[in-house]
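Trainee: I have a structure to read and some questions to ask. Can we go through them one at a time?

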Amino acid sequence: MSGPAGYLSQTGADRDEMLKAIGVDSLDELFAQVPAAVRLDRELDVPPPLGEADLVRHLESLAARNAAVDTELSFLGAGIYDHYVPAVVDTFLSRGELLTAYTPYQPEMSQGILQAIFEYQTAICELTGMDVSNASGYDGCTVAADACFIARHHTGKTRVVLAEAVNPQVRQVVKTYAPGFGMEVVEVPHDGGATDPERFAEACADAAIGLFQQPNVFGVLEPAPDLAAAAAAGGALAVAHVDPVSLGLLEAPGNYGCAMAIGEGQSLGCYQSYGGPHYGFLAARKEFIRRMPGRIVGETVDLEGRRGFVLTLQTREQHIRREKATSNITTNQTLLALGGLITLCWLGPQGLRELGETCLALTAYAKERVGLPLVFDRPTFKEFAVRTPIDAREVVRRARERGVHPGYPIGRDYEGMDDVLLVALTERRTKEDVDRLAEVLAEVSGKTKDGSWS
Amino acid sequence: MELIFEKSRPGRRAGRPPRPDLPVPALPEGLRREQPPRLPEVPENEIVRHFTALADRTFGVDTGFYPLGSCTMKHNPRVNERAAAMPGFRDLHPLQEDAGAQGALELAWQLQEILAEIAGLPAVTLQPAAGSQGELTGLMLMRAYFADRGEERDTIITADTAHGTNPASVTMAGYKLEKVATTDRGNLDLADLRAKVDERTAGLMLTNPSTLGLFDEGIEEVAEIFHSQGALLYYDGANLNAVVGLSRPGDMGFDIVHYNLHKTFSQPHGGGGPGGGPVAVREAIAPFLPAPVVVRDGEGFRLDHDLPKSIGRVRGFAGPFGVFVRSYAFIRAYGPALREMSEMAVLNANYLLARLKDVYELPYDRHCMHEFVLSARALKREHGVSALDVAKRLMDFDIHPPTIYFPLVVPEAHMIEPTETETKERLDEFVDAMRTIAEEAATSPETVHEAPHSRPVRRLDEVRAAKEPVVKHDFGEAKGLVPAAR
């Protein structure tokens, strides 16, 4: 007898005593309610157990077969970015009380996490210029579907208008959800890398929602205030999908007429982690408060008049309202959102502005330095598109052999862009890194040292 | 205590992003932010103290016993955290070329295979972000499956004991909802079902064991009723912790299954998330799974985006990968002994049930699976002490209350799920606390009414919070500030 398996604690003596207290002779008696025909009469066919040291060695061997930022100089972005995660984020996301708590249904037991969510809501409202934020959504894609659901019920209309320059993953998720909402999706093509407000206005006439991204998928700064006005002119709710890192420099969507602001929170406080878990944020003007999906924390007082925090407006939610709920969401991304809050506290308004300026400066430098033609001659924030003399996927393959991942070949998502590479810069890259990128791009694109094409 | 915003003083700061010696280009007119966001201006030591205080005022599984029914608050092994933080996983970009992500893809593929074996169904998507998104994905799969067959079906049936997510998912997926009753033994009412299932029925959503913690003894007939009408069965995996390695949803007759990686497979709940909600399906439904899926090609692995019948994408990238790492590590620590995990979850629950049923009412007098529901109805009738009062008093014993007032079919409900990882001594402490509270209800009911007595705040005015919602800090602009709690 080698003792209880895995993380179990019951010894043979414990088991005997417990079975006796229950009044049965064996465990089997407890499972008598499971019909014999649906019981599994063999052992599960899964790999054998590993002790902790062996488990770590096994996982290390898997991790070693990934080219992460520790082994490759990467300029990948397209929605997920290699921003710096402050050490204090690690400190608190591994605090056991926060890590292992459930949704704070019992407020007296959960004032810490409730206050943290209230502070997160405040920070998101400050960033976006909105009145109300929920406690987080799954990611930057699903919050776009949430915004559509709100718009469907608020406006009574069924058309979703998406700028084509919105991240393709976001658009794909909206298209997956829309039929269930009884909505149809229309996309507005970009004109030279940005969305034309007039075309956007035409599409938004009598629509429920007009969604654009700032900066857009090409890294280009959209004429966001004009797009918001264009959506609103047609009676649609204007919704901006924004990069939170940009909001120290760029105007808040709430200040140029948007009904809602949404986005991917990963850039603030989350590691890339091959795509998740991250968090999506969703903030809105106050008239939408009772249509918001998911958890919202509110301030109140206790019996003695002291300030405290509770989950509030729960009559919106599935566990109370069931089929009439504003969403089915229950588990969200609270711990990751907490990482976002801590990052914003660590940066402060000054740090957030400086971070944005660093992204702007490095990107401007890279646009000039890489020596490849820009696809769009427009202002950008932390990402830009260049044309490669050969297929961009081949450029990536060759550059990776030299230890550099030069960006995302966006021809996978946009027709006619097989020779386009999307290059992202964060504060984790340096001027020297950009120089190295330029060098490698020149080598693998067939450009010779004197600058002529071979 | 103060908000971090109230600790802010102009000019203070913690982080300093790099400032390369490069010119910063001007932003276009009209896009530049006029007023900076009022983020806290605080030094790092105050950040550390603030969030340390918030952690101190939060109760997790690490703090103590947390028998929150249907939430499976088991121990979260620390090696899983170490694994998720390995740079090769943590710092990997989701658009990395498949050739540069072979370790991650292999891990995801292995997890898919293991989950398929546990469900007894052949095909798995890891993409959904949580159980409720798994539900919605499942319903979208049903719609795509029937559309492909040219069938029009518009109704989903759920049990009256169902989690609220089931009916909410039905609405979001654009289906009509029909409810089926539960018998006195806690099984689905087969006569009621037969009357309701017809050619308009797309399927059933069921948790098995149910939210009463009871395995549906008529599950084979239930499956027969739906399948004979061409309808599908959806398994809500919220309670899968009861049956891993013991009984497989696919063998019970379910066609679509979601797992909660944050319940059964130990992803920490994080105060509300993250989670993971993979979905497994029968062969006939596999072509409709969200793209991409992870496939094995000879010795290598890749993301397959080429699924022409796919319902589309339900979330970014291939899913919450960090959650996969933790769940995979958890499963590998057990191997086939996952069965023992479920057996111990069931043993622990039945032990608590046996030791509490003489002081709290047991509405369904059967052995339970991994959880059970008691009623405080008698305490309320005799002493005016409600399920809520009992829950609040448990806090004074440093125990997190069970789920209360759910399922809706049981009045004054306490839904209790101890999980497999608790020692017998912890279970005995809980029994003692629950029995003491039942005595107090008779001898000093005000002690129970006024609980908790040991927390930073007393009971909070939830009506006020909902009536006059204050959902963000007012920066001193609004009147009526209330004093901070100690």
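Mentor: Start with a term: two strands pair if DSSP finds at least two bridges between them. Keep in mind that this is a predicted model.

Trainee: Which residue in S9(B) does Arg296(B) stand opposite?
Mentor: Strand S8 (residues 293–297) and strand S9 (residues 300–304) of chain B run antiparallel, joined by 5 bridges. Across that pairing, the residue opposite Arg296(B) is Phe301(B).

Trainee: Which residue in the turn between S8(B) and S9(B) has a positive phi?
Mentor: The two strands, S8(B) and S9(B), form a hairpin. There are 2 residues between them. In that turn, phi is positive, about 60°, at Gly298(B).

Trainee: Why is one side of S10 and of S11 in chain B left without a neighbour in the sheet?
Mentor: The open sheet has 3 strands in the order S10-S12-S11 (chain B), with antiparallel pairing. Strand S10 (372–375) and strand S11 (403–404) of chain B stand at the edges, so each has a single partner strand.

Trainee: In S12(B), what is the bridge partner of Thr403(B)?
Mentor: S11(B) and strand S12 (residues 413–416) of chain B run antiparallel, joined by 2 bridges. The partner of Thr403(B) in S12(B) is Met415(B).

Trainee: What radius of gyration does chain B have?
Mentor: Chain B holds 16 helices and 12 strands. For its 486 residues the globule rule gives 23 Å, and the value for chain B is close to that, so the chain is as compact as a globular protein of that length. The radius of gyration is 25 Å.

Trainee: What share of the residues in chain B is buried?
Mentor: The C-alpha atoms of chain B fill a box of roughly 70 × 70 × 45 Å along the principal axes. A residue counts as buried if 20 or more other C-beta atoms lie within 10 Å of its own. Of the 486 residues in chain B, the buried share is 58%.

Trainee: And what share of chain A is buried?
Mentor: Chain A has 14 helices and 14 strands. Its C-alpha atoms fill a box of roughly 85 × 50 × 50 Å, taken along the principal axes. Of its 454 residues, the buried share is 63%.

Trainee: How many residues does H12(A) give to the side of chain A that touches chain B?
Mentor: The contact takes 172 residues from chain A and 179 residues from chain B. By class, the chain A side has 91 nonpolar, 50 polar and 31 charged residues. H12(A) supplies the largest share of that side, 23 residues.

Trainee: What arc do the buried residues of H13(A) cover?
Mentor: In helix H13 (residues 392–401) of chain A, Ala392(A), Val395(A), Val396(A), Ala399(A) and Arg400(A) are buried. They lie on the same side of H13(A), because the arc they cover around the axis is only 125°.

Trainee: Which residue with a positive phi follows H13(A)?
Mentor: The cover over the buried residues of H13(A) includes strand S12 (404–405) and helix H14 (431–444) of chain A. After H13(A) comes a residue whose phi is positive, near 85°: Gly403(A).

Notes. Residues numbered from 1 in each chain as written. Chains lettered and ligands numbered in written order. Predicted model: local features only at pLDDT ≥ 70, side-chain atom pairs only at ≥ 80, totals over all residues. Buried ≥ 20, exposed ≤ 12 C-beta atoms within 10 Å, placed from the backbone. Helix = DSSP H or I, 4+ residues; strand = E, 2+ residues; numbered from the N terminus. Arc of directions from axis to C-beta. Contact = placed C-beta atoms within 7 Å. Rg over C-alpha atoms; globule rule 2.2 N^0.38 Å. Nonpolar A, V, L, I, M, F, W, Y, C, P; charged D, E, K, R; others polar.
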